[in-house]
Amino acid sequence: MGSGSSVNANYKYSLQKSENVQTLPDETHPAFKAAVLIQQWYRRYVARLEMRRRCTWRIFQSIEYACEQDQIKLHNFFSYLMDHFTPSSSKERDFISRMFISGESFKEAELEKYCDYESLEVPDSYTGPHLSFPLLPDHATALLEAFKHKQQLHARYLLNLLHETRKHLKQLPNISHVSTCYSEEITVCGDLHGQLDDLFLIFYKNGLPSPSKSYVFNGDFVDRGKQSLEILIVLFTFLLIYPKEVHLNRGNHEDHMVNLRYGFTKEVMQKYKVHGKKILKMIQNVFCWLPLATLIDQKVLIIHGGISDTTDLDMLEKIQRNKFVSVLRGKKRKESNRNVEIQELNGESKVEADPAGNEADPSFSLQPRPAQAPSVANRLEFSKWVRQTVQEQIEWCRQLVDISESEPEELTYSSVVSLTDLDEPCWTRQDEWKQILDILWSDPIPQEGCRVNTVRGGGCYFGPDVTGKILEKHNLQFLIRSHECKQEGYEFCHNRKVLTIFSASNYYEIGSNRGAYVKLGPDLIPHFVQYQANKMAHTLTMTQRISRVEESAFRALREKLFAHTSALIRAFKAYDKDNTGRITLSNWATAVESVLHLGLPWRMLRPQLVRSTEDGMLEYKSWLDDLAMEQRSQEHIQSSLLEVIYRNRSNLETIFRIIDRDHSGLISSEEFHQTWKLFSSHMNIELTDDGINDLVRSIDFNKDGNIDFNEFLEAFRLVKQSQ
């Protein structure tokens with residue numbers, strides 16, 4: 001009886017509850033319409049933000065790559081000078097030698113003597129970290145703590161560290177082989193570009209290098225950021241403490257010619273004013289010994305830039321990588337000389353009659369004839385014969401180019417490999433240079449094929465078909481590369497066969513991108529960790545972040561436009577046949593792209609760059625005046641001169657630092673005189689010798705016989721002003 005009443009009560013309660021349930025409104029209900037409108041508005045809002053973000057990204061990347069293209073063009077000009085400039089005097093010959101050739105290589109003993117760290121004393125007043133070798137984990141911890149407190153490592157310890165790092169790197173192969181069997185996982189980091197906070201955050205999140213924590217740092221440790229030297233010190237320290245767990249690849253910025261332009265050279269000289277020259281020389285030598293690639297479990301290839309359709313890992317394994325101190329320099333070699341060498345190695349006659357029947361230059365008959373080769377069965381005698389023959393060939397080449405005798409070079413891993421593989425094809429220096437250039441500078445594209453990378457000016461673009469062929473040829477699963485900033489810190493392409501990893505967060509501006517690193521276990525499945533090293537980036541909303549980055553991008557773009565004012569006026573006048581001072585907005589977009597060649601969607605960017613006009617016409621002279629007014633608010637210089645300075649400053653500063661061989665910040669009057677004779681054609685400036693001498697006297701304000709960069713820049717302004 002009681003249970004029956006309970007059932008009836010529950011039934012009545014459930015019936016009442018079902019009657020109170022509200023049904024969803026249909027499409028005609030006002031609430032439903034409001035929800036749809038809110039969704040549509042939000043989607044449009046997000047789409048507009050995404051469009052702004054992509055436009056901003058394209059601006060930053062286009063300007064960055066155009067700057068790299070200028071750098072390579074400048075060094076192509078240097079190569080042209082070396083090939084075509086005939087010195088008219090011993091002074092000019094010495095100048096060319098110092099500027100382009102000397103400093104490329106030091107003899108072993110000379111480098112040891114030049115960078116003698118033992119002669120430097122550490123004063124009692126020094127409060128920074130102390131190093132003793134062999135290094136221990138405590139030394140690395142002390143360095144990290146010191147750098148967090150903005151302390152500086154003494155020059156003695158730094159030179160000692162570079163010396164030990166160089167010794168270690170010389171024993172490494174061109175391609176480092178790493179296995180996941182010896183550690184739980186391997187962490188791969190991309191570009192750091194002098195941003196020490198990113199490295200600190202990686203170590204905080206992932207742990208310091210240790211026997212169970214392996215790292216691969218994929219190049220571009222330096223330039224752009226303000227703490228490149230500290231990053232090098234930390235990485236080299238861990239490399240020496242854990243040589244089997246820490247691996248460093250060379251990037252395109254581990255190149256002293258690139259460092260001249262992008263800030264690392266300047267950073268070193270500012271931090272070490274007394275011993276900076278020695279430190280730079282040692283770093284330059286360390287960079288050329290960095291391995292070129294890393295291979296994980298024979299399945300994952302890690303290279304800084306990319307590949308091309310001619311990439312050959314077997315060739316990369318055998319190249320003497322230290323020969324390429326700068327990939328931007330010394331890339332041309334006359335094939336005729338190479339053919340002579342090949343003929344000699346093949347035992348063919350070297351002295352031939354010319355078409356007129358005369359004998360060849362007798363100076364070329366001085367090459368020693370190699371002795372009869374012993375039997376290959378006697379490997380010891382055969383090895384001695386190879387070394388002797390190679391040494392004789394090297395000495396003969398030195399005599400031809402008037403290079404003094406050097407000490408016998410210590411055998412390294414790459415030289416031993418090259419001596420033991422005599423049956424392999426004989427590659428030219430040009431072939432070897434291209435292999436290194438491609439893996440340091442190339443970028444992937446979604447289209448098939450392989451073509452020259454015209455945007456950067458170096459390396460190539462490689463498509464998914466090229467990736468597939470290289471992976472199949474070497475039995476690889478996928479490639480890991482860096483070299484390109486990605487908004488999320490990483491990105492897959494080519495059907496997930498190419499992974500780009502970039503570890504410098506906020507690369508263009510605060511909030512512009514995340515940094516990331518990737519971890520690989522025995523299964524070789526990538527696991528990503530993303531981060532923002534700047535605390536401010538975490539406090540910004542998406543709209544604030546995009547607005548901040550967008551403002552910075554358009555500021556840089558307006559500077560770029562202003563720097564090409566003269567060329568823009570000529571392009572606008574080509575569309576202004578009646579000389580009205582007005583052109584259509586469509587013609588404006590076409591003309592701007594024809595001058596800047598940035599590949600940007602100018603019609604989409606127009607609202608941010610040009611004030612709206614009622615009739616669709618632009619008064620381009622007033623628009624350019626507005627650009628000039630904006631830049632003059634920062635620099636009190638005539639508009640025409642300021643335009644020239646904006647356009648040429650990077651090239652001029654690079655040229656100045658190349659001439660300034662001792663990195664003292666000064667060049668002599670004689671060097672200045674020779675410089676202006678060499679580069680007058682490059683800058684479309686003509687000056688007589690008397691004119692150059694007058695210019696030297698007028699800009700040497702303190703009359704000390706030397707010229708600093710500001711005086712050098714003043715000379716350029718004065719010459720342009722007089723034209």
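**Reading the features in turn**

Guide: We may begin with the record: UniProt, in an unreviewed entry, places the feature "domain: EF-hand" at residues 563–598, 647–682 and 687–722. The model itself is predicted.

Visitor: How is the packing of two helices described?

Guide: One gives the angle between the two axes and the distance between them. Here, helix α7 (residues 196–206) packs with helix α8 (residues 228–241) at an angle of about 35°, the axes being 9 Å apart. The crossing of α7 and α8 is left-handed.

Visitor: Which residues of α7 and α8 make the contact?

Guide: Helix α7 contributes Leu196, Leu199 and Phe203, while α8 contributes Glu230, Ile231, Val234, Leu235 and Phe238. By class, this contact has 7 nonpolar residues, 1 charged residue and no polar ones. The general idea behind such spacing is that an α-helix has 3.6 residues a turn, so residues three or four places apart point the same way.

Visitor: Against which helices do the buried residues of α10 pack?

Guide: They pack against α8, α9 (256–262) and α11 (276–287). The buried residues in α10 (residues 264–271) are Phe264, Thr265, Glu267, Val268 and Met269.

Visitor: Is Asp438 buried or exposed?

Guide: Asp438 counts as buried because its relative accessible area is 2%, where the cut-off is under 20%. This residue is found in helix α16 (residues 429–441). Its side chain and that of Lys434 are joined by a polar contact of 2.6 Å. Setting aside neighbours within four places in sequence, Asp438 is in contact with Gly306, Ile307, Ser308, Thr310, Gly459 and Cys460.

Visitor: Where does a positive phi occur in a residue other than glycine?

Guide: Lys150 is one of the cases, with phi near 65°; Lys150 lies in the loop between α5 and α6 (155–170) and is exposed, at 65% relative accessibility. Another is Gln298, with phi near 60°, in the loop between β5 (293–296) and β6 (300–302). Gln298 is partly exposed, with a relative accessible area of 45%.

Visitor: Which residues does a cis peptide bond join?

Guide: The bond joins Phe133 and Pro134, with omega about 5°. Pro134 is in the loop between α4 (108–114) and α5 (137–148).

Definitions and conventions: Residues are numbered from 1 along each chain as its sequence is written. This is a predicted model: local features need pLDDT of at least 70, side-chain atom pairs count only at pLDDT 80 or more; totals for chains, interfaces and linings use all residues. Side-chain values use heavy atoms; hydrogens and water are left out. Helices (H or I, at least four residues) and strands (E, at least two) are DSSP runs, numbered from the N terminus. Buried means under 20% relative accessible area, exposed over 50%, partly exposed in between (1.4 Å probe, protein chains only). A polar contact is a pair of N or O atoms within 3.5 Å; within protein, one must be able to donate a hydrogen and the other to accept it, and residues adjacent in sequence count only if both atoms are side-chain atoms. Contact means heavy atoms within 4.5 Å. Axes are lines fitted to C-alpha atoms, for helices over the stretch in contact, and angles run from 0 to 180 degrees between N-to-C directions. A crossing is left-handed if the near helix is turned anticlockwise from the far one by less than a right angle, and right-handed if clockwise. Ala, Val, Leu, Ile, Met, Phe, Trp, Tyr, Cys and Pro count as nonpolar, Asp, Glu, Lys and Arg as charged, and the others, Gly among them, as polar. UniProt positions are given in the numbering used here, feature names are shortened, and annotations may be inferred rather than shown by experiment.
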